[in-house]
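Please look at the sequence and the model shown below. The report that follows goes through a few of its features in turn.

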Amino acid sequence: MIRILEEGKASGEISPNVAVEHVLAFIQLYMNQYETILEMAQHSGDLNGFLEGMVHLFFYGICGKP
């Protein structure tokens, strides 16, 4: 995972302002709450849309892709 993140930074796909440790911590947050997130997705009425929104937030944040 670290290698992939470092390659992403080197290629410009991942911002140089984001440390690998930050991404790993963010992933850990998601992993620690996966049951809650899945429950929220199931109750949303649009499972796929909810999960797509979560993926967007992970990769682009709330501002979208620059």
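Met1 lies in the segment before helix H1 (2–11); helices here are DSSP runs (H or I, at least four residues), numbered from the N terminus. The model is a predicted one, in which local features need pLDDT of at least 70 and side-chain atom pairs count only at pLDDT 80 or more, while totals for chains, interfaces and linings use all residues. Residues are numbered from 1 along each chain as its sequence is written, and side-chain values use heavy atoms, with hydrogens and water left out.

Met1 counts as exposed because its relative accessibility is 55% (buried means under 20% relative accessible area, exposed over 50%, partly exposed in between, with a 1.4 Å probe and protein chains only). Together with Ile2 and Leu24, Met1 forms a nonpolar patch on the surface, with about 270 Å² of accessible area in total. Such a patch joins nonpolar side chains (Val, Leu, Ile, Met, Phe, Trp, Tyr) within 5 Å, taken from residues with over 30% relative accessible area and no salt bridge. Accessible areas come from the Shrake-Rupley method with a 1.4 Å probe.

| Residue | Relative accessibility | Class |
|---|---|---|
| Met1 | 55% | exposed |
| Arg3 | 55% | exposed |
| Glu7 | 43% | partly exposed |
| Leu57 | 35% | partly exposed |

How many salt bridges does a search of the whole structure find? The search finds 1, where a salt bridge is a side-chain nitrogen of Lys or Arg within 4 Å of a carboxyl oxygen of Asp or Glu. Arg3 pairs with Glu7 in a salt bridge, and their closest N and O atoms are 2.9 Å apart. Arg3 and Glu7 are 4 residues apart in helix H1, so about one helical turn separates them. Side chains of opposite charge can pair when their charged atoms come close.

The second largest pocket has a volume of about 170 Å³. A pocket is an open set of points on a 1 Å grid where a 1.4 Å probe fits, with protein on both sides within 12 Å along at least five of seven lines; lining residues have an atom within 4 Å of a point. The lining consists of Tyr30, Tyr34, Ile37, Leu38, Leu51, Met54, Val55 and Phe58. Helix H3 (34–43) and helix H4 (47–60) are the elements that give two or more residues to this lining. H4 supplies the largest share, 4 residues. By class, the lining residues are 8 nonpolar, no polar and no charged.

Leu57 is also found in helix H4. The C-alpha atoms of Leu57 and Val18 are separated by 15 Å, and these residues are 39 residues apart along the chain.

How values were computed:
Grid points are joined across faces, edges and corners, and a volume is the space filled by probe spheres set on the points. Ala, Val, Leu, Ile, Met, Phe, Trp, Tyr, Cys and Pro count as nonpolar, Asp, Glu, Lys and Arg as charged, and the others, Gly among them, as polar. Patches are made of residues with over 30% relative accessible area and no salt bridge: like charges are joined within 9 Å, nonpolar side chains (Val, Leu, Ile, Met, Phe, Trp, Tyr) within 5 Å.
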